Amino acid sequence: MNDSQRSPASDSENSIVTSTERPWTEQFRKSEDWWAIYLGVIILGAAWLITQSGLGLVSGEAGLVSPLKGWFSKPGSWTNNPLESISLSAGKNSVQGIVTIFVLTLCLFGLGARVMGRSFARFAGGYWFVFLLAIIAYVATGQLVVQQYNLEYALWALGIGLLISNTVGTPGFVKPALMTEFFIKTGLVLLGAEVLVSKLIALGVPGICIAWVVTPIVLISTYIFGQKVLKLESKSLNMVISADMSVCGVSAAIATAAACRAKKEELSFAIGLSLSFTVIMMIVLPALIKALGLSPIVGGAWIGGTIDSTGAVAVAGTMLGDAARDVAVTIKMIQNILIGVTAFGVAVYWVSCVEKDTTSTRPQVSEIWHRFPKFVLGFMAASLIFSWIYGMGESQQAVVDAMKGDCTKVLRGWFFCLAFVSIGLESNFRDLAKFLTGSKPLVLYVVGQSFNLLLTLFMSWLMFEVVFTDAAQQLLQQ
């Protein structure tokens, strides 16, 4: 049975976004999307106010240090003994910081779960297990050899969850704590504070053309290729893979999956593809750029427009030098701004075109609002508000940087890690195997990413080697 034949009941049970037929006033109270925004506002507001207050704010080697520093942390690096990744001191990798995050996230997500009608006790009874697996994923990521290959926490978290769910099975007491979308959506709201409009201005027209012209072309072309040439039965899987590969990886896949009501296993499959190819491209692309003799600016723009993970973009760009790294990361951040636009566009298309063809009555325009992932509004609002604050002067820039570096960025990483563990625990290889029938989804990703690589390379060369040569020289001199 394909996507167009799924019943509303099956959508409610298996899709990323459940039905929104409840009264609109109740949606504000019991919607996971709105609660992701509420928690994002609480975290970002409190972190900014505490940092802004200057209580304990001191100057460090990298600038101002927030009074929150040390209260939020994750396991660090280690060589031979995994216990080296956790320090008993109140430093960056302290037990104190990890315990604080556990208590805070338990209370925040537990509160959301309770108000939305779920049992706090059942959530708490399984949450400790999910959090423990997230710690293990972070510890595995911190091994120095693993770090050299940039095998990020997302890959370990997903792998650990899949290993458990496909061997001994996910314990029943853990399932009430697997609030995958809640973790991810809240993390994406926090991500908005890191996607600053000033980054867009830094590269100007060349950066916008590379990030905003190529991306929609690749997304639409890949989706059409999947439907018209490969004839993928699942339109939602087709769309999620297209967005994942063309926009910015996991974050875009999540927002798009919410807009088109993709199944959880479809999102899991798309994320797995993205993470696998991210590791490969992070290693291969810098070597290819050097072999082709491309300039660091063109190479950095190519990396930023094609590699999915922001962290992997930074690592790959560093292999070409500081200038390439800065350009790569900036291009990726400009591309991240398209998350909200993409989600809205997909919601409009799904309601007006995809579902219009399969229902006897034309969907109402209001359904676009119901379908649109509301947490994206939080992402966009955080981006605009903190871009405005960041533009108020050097003092506010220092405050925002300290707030993000010492608090919100760390929390966002934990939220995503919890989500990837949950995805793994909810997924079964038997469910994922059907997507590999005829290898069509894999072919879709490879063909789409190949087109993305070629078009982004051409646009990067055109912008920095032909049209805006002065801009490229200025970036090299900075």
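A residue is called buried at under 20% relative accessible area, exposed at over 50%, and partly exposed in between (1.4 Å probe, protein chains only). The structure is a predicted model, in which local features need pLDDT of at least 70 and side-chain atom pairs count only at pLDDT 80 or more, while totals for chains, interfaces and linings use all residues. Residues are numbered from 1 along each chain as its sequence is written, and side-chain values use heavy atoms, leaving out hydrogens and water.

The chain holds 22 helices and two strands. These are DSSP runs numbered from the N terminus (helices: H or I, at least four residues; strands: E, at least two). Of the 478 residues, 54% are buried. Contact means heavy atoms within 4.5 Å. Among contacts with a separation of 6 or more, 78% join residues 24 or more positions apart.

A salt bridge places a side-chain nitrogen of Lys or Arg within 4 Å of a carboxyl oxygen of Asp or Glu. The count comes to four. E194 and R412 form one of them, at 2.7 Å from N to O. E194 sits in the loop between α8 and α9 (197-229), and R412 in helix α19, 218 residues apart. Both E194 and R412 are buried.

A network of salt bridges links E32, D33, R118 and K185. The E32 and R118 side chains meet at 3.5 Å, N to O. E32 belongs to helix α3, whereas R118 lies in the loop between α4 (95-115) and α5 (120-142), 86 residues apart. E32 counts as buried, at 14% relative accessibility. R118 is partly exposed, at 37%. K185 pairs with D33, with the closest N and O atoms 2.6 Å apart. K185 is in helix α8 (residues 180-192) and D33 in helix α3, so this pair ties together parts 152 residues apart in sequence. Both K185 and D33 are buried.

Nonpolar packing was examined next. A nonpolar core is a set of buried Ala, Val, Leu, Ile, Met, Phe, Trp, Tyr and Cys residues joined through side-chain atoms within 4.5 Å. The largest has 124 residues, and W414 and F420 have the most contacts inside it. Helix α19 (residues 394-426) supplies the largest share of this core, 15 residues. Apart from this core lies another, of twelve residues, including I307 and V313. Not counting residues up to four places away in sequence, F420 touches Y153, A154, A157, L158, V250 and I271.
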